[in-house]
Structures are given as structure tokens and as C-alpha cells.
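Subject: Structure handover

Hello,

I am passing the structure on to you. Please have it open while you read the notes that follow it.

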Amino acid sequence: MSDFKPVDEETQPSISLRRKLSGEGDKPILIPLNANAVGNRCNTNSVSTIEDVQRNNSAVFKDPNGNHPNPEEHGATSMKKRSKRPIAKPSAAILLAKQNALGKKRSSQTDIQIMMTDHLQPARDSKDNVRKPTGVVYDLKMLQHYCLWDSKYPENPDRLSSVIYRCEQLGLLARAKHVEPRLATKDEILSVHSTDHIENLKRICETQEATLEELERHSSHYDAIYFHPSTYGLSLLAAGSTIDLVNAVLDGQIQNGMAIIRPPGHHAMKSEYCGYCYFNNVAIAAKRALEMGKASRILIVDFDVHHGQATQQMFYDDPRVLYFSTHRFEHGTFWPNLEESNFQYIGSSDGVGFNCNVPLNKIGMGNSDFLSIWHQLLLPMAYQFNPDLIIVSAGYDAALGCLEGEMEVTPQCYPHLVSPLMGLANGKVAVILEGGYCLKSLAEGAALTLKTLLGDACPKIDATKCPTNEAVESVLDATYMLRSKWSMLIGQTHVDEGEETMAQTQKQLHIPRAKYLWTEPKPEVYDTRNCYPEQSSNVQKLLDERISQLILTTDLQQPSHRVAIVYDDLMLKHRNSAEPGHPERPERISNIFACHGDFGLLERCHRLQPREATEDELLLIHTEEHVRKMKGTQKMTARDLYKFKENFNSIYFNNHSYKCALVAAGSILQVVDAVVDGSCRSGVAVVRPPGHHAEIDEPCGFCLFNNVALAAKYAQANHQLNKILILDWDVHHGNGIQHIFEDDPRVLYISIHRYDHGGFFPCSSDADYNVVGVGAGAGFNVNIPWNRKGMGDTEYLAAFLNVVMPIAYEYNPELVFVSAGFDAAKGDPLGGCKVTPEGYAHMTHMLSSLANGRVVVALEGGYNLTAIAYSMTLCTKALLGDPIPPLQLKEEVDRVAIESIHDVLQTQAEYWSVLKPFRKCFPFSTELIPVGSYSKVGITSLESSLERLNIKTKSPVGIGGQRSVIMDHENNEIPVGDATAGASSNSSTIQTLELMGATAGAVGGSQTESLTDVISKMQEVVSDKDGQMPGVIVQPSDKCPHFDQIGAVPDDGINVDALCVDCNNKGENWICLTCYKVYCSRYVKGHMVEHGTESGHKIAMSFADLSVWCYACDDYIDHPTCRPPKSAAHLSKFGNALPS
């Protein structure tokens, strides 16, 4: 097939239709050059003849008054019937002279203009960019590294052997290209680590006289580290293997790859071993790729349950690396217990905005939480970043069963996290093994990840559900911090100034709160034995049964053919003889088919035999009268056909139309059979006439029978499918499909279309966002309407990530149809939009993660012969797993598109639980300032935290007429939420630093100092560096209705040294102010919380700072009735009564 070349619109016949017309008059129209290859009769390389002009002139239409319509002003043409008055044609000789003169005038400059404006070049360049093999690197020598003094240590050789065994069992290693492992050089390690770091590890591990006791003693100086004589060499091996895998991806030797290695690396800091890690494998490989000029933008995705703080540190100020981590945090109480793991750490200097932390503040999070994080945050940022390379720090310790993570991500979910990343960076993805300590879930998750990299379909997972409140809060917090940097983060809006109170009352306002509760100092010596969590045998048994059941019920079979394709020349016979230049022309499918052949795709696809749909099959959705009328067109005269088509909206017929429509409908049924029966994973139907406008009882909009609707009904009836997704991206709303399934919850119909407030074809209010289906089908109709022309890849991607994919995962279809009209393509004469061929390919790739990859792409509209050919060809390449050209997104999502997406989200949130919790807005004025450089981060004690903070007076509120906010070391405001021992995570009234479990001595106070002295000293520490008077430490409320629960102080007073009644804990205790029993805080064993729940006693006082908390109000409180117990506790704690 010949190349396609864009030409100026003046050499392309203008097209005017009386009912279905909208164009882009100021943009080039693209047409093919070679008439023999693509069926187009125009060749701009030769001088036109009069016959050529006469033939081409047949495509020049005017309205009944002889005027060209203005598509800029009319989204669709008039619905009136056309006048029969003959159309006057200009002289062919005059047209010939003008055309030849214009060609000569532009001959010297056309090529230059083409090179500058050709948006189809990426599609052309993708022709030879075919999927390469997947690489894998591992070495059994890595089994030698283990803890000599503790056989139960979680980071052990079984982690590696279990993964390798499962990959062999599934036949994956034999399918992959082996990358030779090797040792990293010293220079390579020095790219991120210090010389002392390297030499120290070598000395510890390779000293011949080192005894077991000495190795354990060395280990005790580092957090979660053990040394073995092989550790140094195997750490070099892990790093070198990672480097070479990444280089093989970048050099084009492999498409993607996986490094099954140990020791892991993402905790290893520049000069400190940490968390089972010695050399930072991922950071070294990334740094080397940058230094060697092989990549300029690298996305590192870290889904290990522990924050990869070292990787973050190494690229914190580097805008060439976008580091994204989702990890368990629990407000700093989960390892590595660092404040820098929180959401407000977004980079420094030039790297501000290129670090994203999504801290998980609750255990038990699963698939729904992680996929929401991907759709709401990671993927919008990743697409906008447009990386050259993606490296995944793949820890599987968030997987179900892992005793360290205590999360519930199923092993089958990991392919769904990796698959969307494979659509980016031209498919250059390197997955590097990090953590994971439940051997069965680790092995299964890693093996399924490799299976996905090899090109197999993502296994089906359960339908997603509403994400947890904690996951939603973290996503919103991170979005708040990053939204000014990443314009693709459009899911939330700002409230206008003055509307914050109303939004907060309606629970729509999200105010980020940075909580950090860890106050333990860094130990001088670390435990080296029994320093890890353990599960009881009963818990292990239950988890093992759940994982085993998941493995048994997951379908891992792959069809023998990846993509089926169907096409028949017979469908070329349907043509408009009265209007030869009609946009719905035979060359649409011949161009597409020829382009598939030119790209070598026909040999790679399984060719299906076309067939006609039977009348019984047509009657699944159409009336007998409709079928009878269409059948009757076979024997009508030309005059009768012309009269007959006037009864319908934008329709033409000839004597072959009925048979062509039967073949179009029946051919898609062939694809359905092949895909559902399992012989082919996916399918492409190059068919015409299109179908999605056809109603049950009449044709409409170039469509005779509703092909995709029929195929969906056929799948229900013949294959007993009960969940079918139809995604319609034709620029015109698929009114026929919507009406056929509007009351059927077994079909989810999602349409992205141009609407123009009802002014664009088919000009019906049924296409608006508020039309959601009827009866049982309510919520299963999703319209995403664009209200002006010009929407392109950026807007369609935003719609996909915010609406389509979240809803699709919650629906969890068994089969996906794409009503693939390509008239939203850039250069289409009717659509007026700007989607590129690669834009369609990316949407196809995202959909292929659903339904075990069962995706059927069926042609609908699209009228630019060049654009439609490349667009559908790239969709087929996406289904084949070929690399997709990256998208060139606009700087901003179109404002009108954002409004439409928000309207859809607001409407559909009523029906889809995954959408509702993200329907929040951000405050107008509050700004949470990112904490700056690493000179001050990593603080773990209260003293050092206070040293870098100061407090500034804000508005007069609360005690002392002052309100406090925390300021960072650069004097920037950081609102910090409630961090109390008894507070729940949703407290909204505390915005200042709380002293959780901190004793007076934590800030230098002695046991003989009064509380007033302690507070004074603390205020000294945190006061403004300019000497401004600080605010108070807490803001207790005096509005609590439960003060009557405070009982009289016992005769023997209050003993602040009393132990917890239940566990004898002696620190962080609280006293119930109703019964005066002492219990430990929620951050010890939570006995005070349990007591309050069981007894109904609502008010307790902390022995740490004598603050009073009401569990019912979820707030600090203060009242004269609190004074007697406070005074008694003050007497016990400081030896004197509470000052008046």
C-alpha cells in the first residue's frame, strides 16, 4: 500500500450533506495518492484531465439554493427534505484551468508544508514497529543469600525459587528471551551510592575471618538488614542484571522485560543499607540510562507496600524522573516510619511535582483501591509526562496473604496495574522484583505479571467496588498537591471564594491534612532476630485457602489466535449512485483493508469467513416490517429507491444495499462466535454500511441494520452472556444502540460524541449526559457529550480515565464491543474533532485489559479515507500488542470538555460507587505548601520535628483568641490534621500540631515542671523565627453536649502513673472521666477506644498533655466541668494544682 499524504483543503472536494454535516474548514483534509492501491480516483502528482475534473466535480455539492453550507455555524445540516431542483455545475474547462494553475503555484511549497503539519507521520512510522520479545533475567546463584542466624527471616531464598518455579510451571520462561545476568561495575554503583557504601559492604561480606557473631553485630547497625558472605557479590549481580535488562529494552533488543532478582533495592540509600536492600537496583539502572542518553524521561512506579524512600531521595530534585509510589503509611506508624513518605512531599527545586506519594493509612486495601489510584492519579500523570521508559519497582507485599503488608490485592490484579503502563513509552517497560513475603501470592503475582508482559490477556478479576475512605483521602490529598503541575488531573474542581462553607456543610469540600504520628527516636542498635510480624497457623491456613481458590478459578488459557479479522469485497457494492462523492463510500473499507495489508497485519491476524445474517437473527432487534422494507430495496428501480430514501434521515439505497447490510451484520456475528468460543482473543470487523444509528424499526444516518446492537443481542441469546460493554466513540451519538438497550442492565452503553447542546447529528436531547437509561437499565447508559468541535486525544483520554475505565471495571464485562467510528479523527469532513490514529490505539489498549481481552472492534463511521485507514489499522496493532506511538497531549484539557466530564461524573455517581467518593472540591484559598529539600526530612522524633517548625498566628479563634497553623523550615504554611491518641481519621476541627503520646520530657520538660512551663517551652521551640507571638497548641471545643458524663473525681485523686487496666501498659494512657478507669491509647493496643465503645462512656483525658477528648464529637473539648479532673491530674503529674 502506498503512503498517504495530506493535501490542502482546496484540492479536496468540499462535501455538503443536507442532514449530517460538520467540518473543519481551516484544517488540511487528507486523501490517498495512489488510485490503484486505495481506490481513490484523485492523483495530485499528475495534471488533471477534463474527465478527471468532471468525475471529481460530482462530489461538489451545494444546498438547494446553490450555496455552500457553513459547517462552522451549523453542527448539523437542516432536517428538511431536499428540493428536487437540479444543481447547476460550473464549466469543467474552467475548473480544469483553475486546478492546474493552483497545482503549479503550490508545487514548490507543498512538500515543506506537509512535513510541518502532517499529524499522521507517527502512524506511518509505526508500520515497522512490531512487538519484540519479552526479556527475563534471573540467576540461581541469588539463592545463596540468606540470614545465617534466623531461618524464619522473611527475605529468604524461597522468594526467588517460588517465583521461578511458578513461571516455569506456566511455561513463561521458555517463551521469554533470556538476558544474561552479570555483576555491576563499581562505576555503575557509584552513580547513586558512595565509595564508602560500596567498600564497607565488600569488607563486611568478604572478610575471611568474619564470624557469624560479627556478621550479626554489623547487621544490628542497620534497619532490617542481615549480612551473608555472598551478599556483596549477589548485590552486584542483582544491580548488573537490572542495568542490562533496562539497556536491552532501551536498545530495542526486547520489548519489555522482568528482572527476577534478589536482594531487592529500593530502600538502599546513598550511604546506608536499609530494609533488606544493599544497592538500589532501580535507581542505578535509571541513572545510568539518563547518563548514557538512552532516556530523557523515566517513570518509576513503585507499588511495593513499603515506601521506596531511597529511590525518592535519589531523584527528588530531578524533573527527568517521575517517581510514583503507593505504600502503606498509617500516618507514619508503618515502616519505614518516615514523614517524607507522606503526600505533601512532591519534590524540590526543578523536581517539584515529579514526586508523588499515595500513602495508604489503613490495612486491608485491595483491588478497588489500587485501580482507583491508577485511574485517578497515576495514569493521568503518566500520560502527561510521556516517558521514554517505565521501570516498575514490583514489590508483591501488598498482595493478599503477605504478613508484612496486610493488604488484599489479589495476584490477578497485578497484570491490571502493569498492562496500562505497557501502552506508554512505546511499550518500553522493565519490571524489577522488590518485596513480597507470602510465597504463594508472590509467586502467582509475579508470574502473572510476566505473563502480561509476554502479551497474554489480563486475567479477569472481580468487579471493583467503592474504594475505602482512606484511599480516597490519599488520592485527593495527592491530587491537591499536584494539580497545579499536572493539568490532566481534572477530577475535582475548586469552589469559588465564599462558597467553601456551603461546600463543607454539604460534605463536598476536601481539605488535605498532613498527619505524622511516629515519635520514636532512631535506635542505635536494631534487632536482628524475631524483628518481623508473624501469622498464626490458623490465619495462614485461611489465607492460603483463599489464594488457592483464586488460582484455581482464574482462567489462564490463551486462544490460539490473538486477533480475528473479517472483510468482504461484496460490501463495496453498496454505493450512492446519485451522489458518487457521498462520504459513506466503498473506499472506506477498501482503504482500511489495504492499509492492514500494507502494515503486514493480515498475515498476523486470523482471517474469518464473512457471512450474511439470517432474518431470524435480524429479528433479535429489528421489527419484521423493517426487515421486509429493507429486503424490498433489492428490486426497486432507481427512481423508487430515490423516493424511498426520502422517508428516512440521511439514508441512501441501491439494489445491493440489503445484501451488503446482511454481510456487515453477519460478519460481526462471526467475530463474536470466534471470540466467545475461545479460538480468538479479540476481533476486528471491517464492515459497511455502519449500524449504530439504525433504530429497531427504521434506518438512520447511513445505517440500515444495527450491527453492534445485533451482535450484543446475539451474544446474549446464543452465548448466554449477561454483561456486555459497548463503547461507542463515533463522533455521532449512537441513538439506535441506546434505544435498543436503554432498559437492559445486561448491556452497558457508553458513548463519547459531539453534541453541541443538541445541534449536532442526530440532534436529539437523548444524547445528553443526563440520559441514563430507564427502569432496570437506569445507570447503564452513559453519555459523554462534547459541546463544541475540536476535541482531541487530550479530551478523549480524560474521558477514558475519569469515566470510561472506572465504570467499566465496576461493571466487569464478559465481552467488549467498540462501535468504532473514526469520524472524530483529525481531518474528518463531518466530525470536526482532532483524535489521532494513535489516540484510538491507546483507547483500544486500555479496553483490552477488560473481559480477558475479549474486545471486538467494529467499524461505524469515519469519512476521511486516509485517517480512517490509519486509525483502524493502529487499533488492530494495539490488539496485536504492538507498541503504540505516544500521544502528544495539549497543555490543558479543553474547558468545555472538563465541564462535560464533570456533568457526567455528577450524574453517574448515583449509579457507580467507584465515582461517588471522588466527587469533591478543593478550597479556594488554602494552599498546602510542599516541604522542601532533603536537608530536613527523615525526622523521626518529636524534638527534631519541632525544631524545624514554627507557629504563626492566624485568625482569632479558640483559646487565647488565636488560631495556630504549622509552618515548615522555610516559613511556609503546612496545615496538619488531628494526630491524637484517641482521634479518628476524619476529624475536621484540629488544624494544628498535636502532641500525641508525647511526655513533658519530650521537649525538655522535667517531671517537676508545671504544664504551663511545658507549654511555654514548647511554644519557644515552635515560635516564629521573627519573634512573632505563637498561637496555642490545641483548639478545644466548648460546644460538646456530653459534658454531663464527666463524673466526680475519686476521693483518692488521679494517679497519672497508673497502668492500663487491660494490658498493664505504662505509657500513652488515658483515663475515662466517667468511671475513672485507665486504659492505653489506640496507638498502643486501643483499650481506651474499646472501653468507650463497650461502656458508652464518651469522654477521656490524656495523661500525656491533659487534653480531653470526646469520642462522640470526635473532637477535643474544654469546659468548666473538665477542670476538676485536669487539676487532680496536674497535681499528680507536676506536684501542684492547675494554675487558675
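**Backbone exceptions**

A851 sits in the loop that runs between helix 28 (837-847) and strand 19 (855-859). Helices (H or I, at least four residues) and strands (E, at least two) are DSSP runs, numbered from the N terminus. This is a predicted model, in which local features need pLDDT of at least 70 and side-chain atom pairs count only at pLDDT 80 or more, while totals for chains, interfaces and linings use all residues. Residues are numbered from 1 along each chain as its sequence is written, and side-chain values use heavy atoms, with hydrogens and water left out.

A851 is not a glycine, yet its phi is positive, at about 55°. Its relative accessibility is 5%, so A851 counts as buried (under 20% relative accessible area; exposed is over 50% and partly exposed in between, with a 1.4 Å probe and protein chains only).

D1114, also a residue other than glycine, has a positive phi near 55°. Its place is the loop between strand 27 (1108-1110) and strand 28 (1115-1117). D1114 counts as buried because its relative accessibility is 16%.

There are cis peptide bonds to look at as well. One runs from R688 to P689, with omega near 0°; P689 is in the loop between strand 14 (680-685) and helix 25 (707-719). Another joins F761 and P762, where omega is about 10°, and P762 belongs to the loop between strand 16 (747-754) and strand 17 (781-786). As background, most residues other than glycine have a negative phi, and most peptide bonds are trans.

**Cysteines**

How many disulfides does a search of the whole structure find? It finds 0, a disulfide being a pair of cysteine sulfur atoms within 2.5 Å. For C1040, the closest cysteine sulfur is that of C1113, at 3.7 Å, which is too far for a bond. C1040 counts as buried at 7% relative accessibility, and C660 counts as buried at 0%.

**A helix pair**

Helix 14 (residues 367-385) and helix 27 (residues 793-811) have axes that come within 10 Å and cross at roughly 160°. The axes are lines fitted to C-alpha atoms, for helices over the stretch in contact, with angles from 0 to 180 degrees between N-to-C directions.

Regards
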